[in-house]
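Have the structure open as you read.

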Amino acid sequence: MTAIATPDVAAHQRVATTTPLRLHVPHDANVDAILRERLANEPDAVLAEVQRDGAWHQVTVAEFNAQVVAIAKGLVAHGVEPGDTVGIMCRTRYEWTLVDFAAWAAGAVPVPIYETSSSQQVEWILTNADIRVLVVENAANAATVKAVRAHAPACREVLVVDDGALDALVADGADVADAEIGRRRRLAHADDLATIIYTSGTTGRPKGAELTHGNFTTLAFNTIADVPEVFNGMGRTILFLPLAHVFARFVEVVAVAGSSVLGHSPDIKNLNADLAGFRPTYLLGVPRVFEKVYNTAEQSSAAEKARPYFHWATRVAIAYSRALDTPQGPSPWLRFQHLFADGLVYSKLRDRLGGRVTHAVSGGGPLGERLGHFYRGLGLNIIEGYGLTETTAPTSVNRPGNTRIGSVGTMLPGCSVSVADDGELLLKGPHVFRGYHKNPQATAEAFDDDGWFRTGDLGTVDADGFVHITGRKKEIIVTAGGKNVAPAVLEDRVRAHALVSQCVVVGDNRPFIGALVTLDPEGLAGWLTMHGKPAMTVDEAMHDADVRASVEAAVARANEAVSQAESVRKWAFLPGDFTIENGYLTPSMKVKRSVVLKDFAAAVDELYVDTRPAA
C-alpha cells in the first residue's frame, strides 16, 4: 500500500481554510495493510519493546506479525466472521495492540471499552455494538461484564488475558489455514468500518463514532509526511494514555506506519521508571501530564534548596522560547544564560522523561502559553494540536518548524476548517467519521446542510491559518447581565497551579462569575514541603490561610486573561476530588460539568448568598 502524491483539493463552497492532501491512499487500503507493508519493507526492524521481568525485550516486525496472525486464527476458530465486532477491555499494554491488529487481520472490527467502565456502560456498548467476542484484561473486568452478560446475548464469550486467553487463542487457531487469514486481511477497503469508538461523554449515553479504514490510513500517512521531524523512521514512543481513547489509538497506528518503536506503560504509578527504561524520543500526553511534570520539578527544587535557581531557569526558558519567534532570535546574553540553565536544570528535567525526548504531542485541552514556552525553552517541543473522536484524533497541529504557541496549529493535510456564524468550528476532510453507530438522528445533527461536521467547539482561525480554541459551545455561561463567558479560559489557568486538581467555573444566570476548586493531594504534599509547612490532610488544607492565599493568587492570575465582567469574583473549595470512579470525570479525564453542578448546587448557591438579586 504505497501512498502517492495528489494535487490540491478543490475549494469548498463555504469560506474555509484547507491544507491540501500530501498523499493519496488507495481505495483498497486498510489498517492491516500498514502492518503488511512494514513487514515487506523491514521485517527485522524492531516494532515494539515489551517489559518483562524488569527488562525491555525487542519484538521485530516479523515476530509481531506472526503473533497477530496466530491470534487472528484463534478468533476465526472462535467463530469471528468478517465484519463482526470484537471488544477490548484492557489497560494500555502490549496485548491491547496485539488484539487490535489481530482483529483487523481477521477482518473484524475491534471496539474498545475503558477498563474503568461501569457495568451499565459495558452493557450499553456490548449491546449497541453487538460485540461477539470480548477480550478483557483481568478477573475484575470479567466480573464487571458478568453482572450484565445476560443482557448482551450477542456476546458469545469473554476471554481473560491474565488467565492465558491469548495463548489459548493461538492454540485453538492452529488448524486455521494461513490462506484464510491472508484472504481476510485484504477484505476491508477505505470506506469500510475499522472501529467503533464510544465517546466518553459528559452527559447521557456514549455515542459510538464509526471510523473507517480510510480515516486511519489517510490521516496516518499524511501526518507522517507532514511532521517528518517526529515520524522519521527512528522514533520511539511509549503509550500510557488509554488505548480506548482515539488519541492513543491513532498514535498506535501512526507508530506502526511511521517505523517507530512502540512501548506501553499500563500503570501510571510506574511511568517515571518506564520512561527511564524505554527512553522515548516523542510522547503524547494531555496538559495535566505536563503541568504535573513542571510542578513536581518545582517542588523537588524546593526540597533541594534550589527553588530560586529553578524559577530563574523557568524565566530564562520562557524568554528564550519567546525570542525564537522574533526575527533576531535570542541575544548572546540570553543564549549564555540558557546554556548555563541547561546544565543546571533543563537536562535534569529531560532525564525525567528518559533523556531522549525532543517532541511531545499535547491534546485534550489547551496547554497554555507559559508552559508551552517553558518546555520549548528546555528543548522539548510540545506540539499542541486539536481533534475529536469523530476526526480520528488530530485535525490541526503545530509543526516543529511552524509553531504558534497558544494555538492548536494549522490543519493537517486534507483537513478543512470553517467558522460558523455563531463561532462554532466546522470540519471537513477524509479524517471525519462516517456517523454514529445505530444513531441516525445524532448523525444528522452532527453535520450541517453542506456536510460540515459541527465540532461543538468555539474558536477562530487567524490570517495564517492557525486555529485558536476559545471554549465549548454548550458550556458557554451567560450571566444575569447577559455577558457570555467561556469557562475553559479561566479553568485551564487556575488548574495549572500545583495545589489545584480541578476547577469548575460557574455563573449561568447569576450576577457574576464564580468557581469551585478541588485540591490535588499529590500537589498539596509537595507544596507544603516547598513552603516549609507541616503535613496536613486535604480537609485541613482547605482551611489553611496560606493554602487559600496561594489559590487566591492563582485565581487572580487567571483573571488577568479576561475582562472584568468575565473574571472570577468568588470561589470555594469542594471536599475531595473529581475522579473517574466517583463519576465526576470521564475516562478521558474531562469534568462532567452537569453532574458537578447538580451534585454541588448548594455550594454554587453559597457563592451568591450575599449578592443574589432580590426576589
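Setting aside residues up to four places away in sequence, Thr-218 touches Leu-21, Val-25 and Pro-430. This is a predicted model, so take these contacts as read from a prediction. Thr-218 sits in helix H8, residues 213-226. Is it buried or exposed? With 13% relative accessibility against a cut-off of under 20% for buried, Thr-218 counts as buried.

Now for the cores. The largest nonpolar core has 125 residues, and Phe-64, Phe-374, Tyr-375 and Phe-433 have the most contacts inside it. Helix H9 (residues 246-257) gives the most to this core, with ten residues. Apart from it there's another core, of 29 residues, including Ala-302, Ile-477, Val-500 and Val-517. Back to Tyr-375: leaving out neighbours within four places in sequence, its contacts are Phe-290, Val-293, Tyr-294, Leu-380 and Ile-382.

Next, a pair of helices. H12 (residues 307-324) packs against H14 (residues 369-377) at an angle of about 90°, the axes being 7 Å apart. H12 and H14 are therefore roughly perpendicular to each other. On the H12 side the residues involved include Phe-310, Thr-314, Ala-317 and Ile-318, and they meet a set in H14 that includes Glu-369, Arg-370, His-373 and Phe-374.

H6 (residues 165-172) has a buried side made of Ala-165, Leu-166 and Leu-169. Why do these sit on the same side of H6? They cover an arc of only 100° around the axis, which puts them there together. The face turned away carries Asp-167 and Ala-171, both exposed. The buried residues of H6 pack against helix H2 (61-77), helix H3 (94-105) and strand E9 (157-160).

That E9 strand leads us to a sheet. Four strands make an open sheet in the order E7-E6-E8-E9, with parallel pairing. Strand E7 (109-113) and E9 stand at the edges with a single partner strand each, so one side of each has no neighbour in the sheet. Direction ignored, neighbouring strands here are turned by 25° against each other on average. Val-135 stands opposite Leu-159 in E9. Helix H5 (residues 139-146) packs on this sheet, touching strand E6 (85-89), E8 and E9, and its direction makes about 150° with that of E8.

A second open sheet has five strands, ordered E14-E15-E16-E17-E18, and its pairing is mixed. Its edge strands are E14 (282-285) and E18 (410-411), each pairing on one side only. Within it, Val-361 has Ile-383 in E16 as its bridge partner. Helix H11 (residues 287-303) packs on this sheet against E14, E15 and E16, its direction making about 130° with that of E15.

Finally, there's a hairpin. Strand E26 is mostly covered, with seven of its seven residues buried. Gln-502 stands opposite Thr-518 in E27. The hairpin has six residues between the strands, and Gly-507 takes a positive phi near 145°.

Here are the strand pairs side by side:

| Strand pair | Bridges | Direction |
|---|---|---|
| E8 (residues 131-136) and E9 | four bridges | parallel |
| E15 (residues 359-362) and E16 (residues 381-388) | four bridges | parallel |
| E26 (residues 500-506) and E27 (residues 513-519) | six bridges | antiparallel |

Methods: Residues are numbered from 1 along each chain as its sequence is written. This is a predicted model: local features need pLDDT of at least 70, side-chain atom pairs count only at pLDDT 80 or more; totals for chains, interfaces and linings use all residues. Side-chain values use heavy atoms; hydrogens and water are left out. A nonpolar core is a set of buried Ala, Val, Leu, Ile, Met, Phe, Trp, Tyr and Cys residues joined through side-chain atoms within 4.5 Å. Buried means under 20% relative accessible area, exposed over 50%, partly exposed in between (1.4 Å probe, protein chains only). Helices (H or I, at least four residues) and strands (E, at least two) are DSSP runs, numbered from the N terminus. Contact means heavy atoms within 4.5 Å. The arc is that of the directions from the helix axis to the C-beta atoms. Two strands pair if DSSP finds at least two bridges between them. Axes are lines fitted to C-alpha atoms, for helices over the stretch in contact, and angles run from 0 to 180 degrees between N-to-C directions. Angles under 35 degrees count as roughly parallel, over 145 as roughly antiparallel, 65 to 115 as roughly perpendicular and the rest as oblique.
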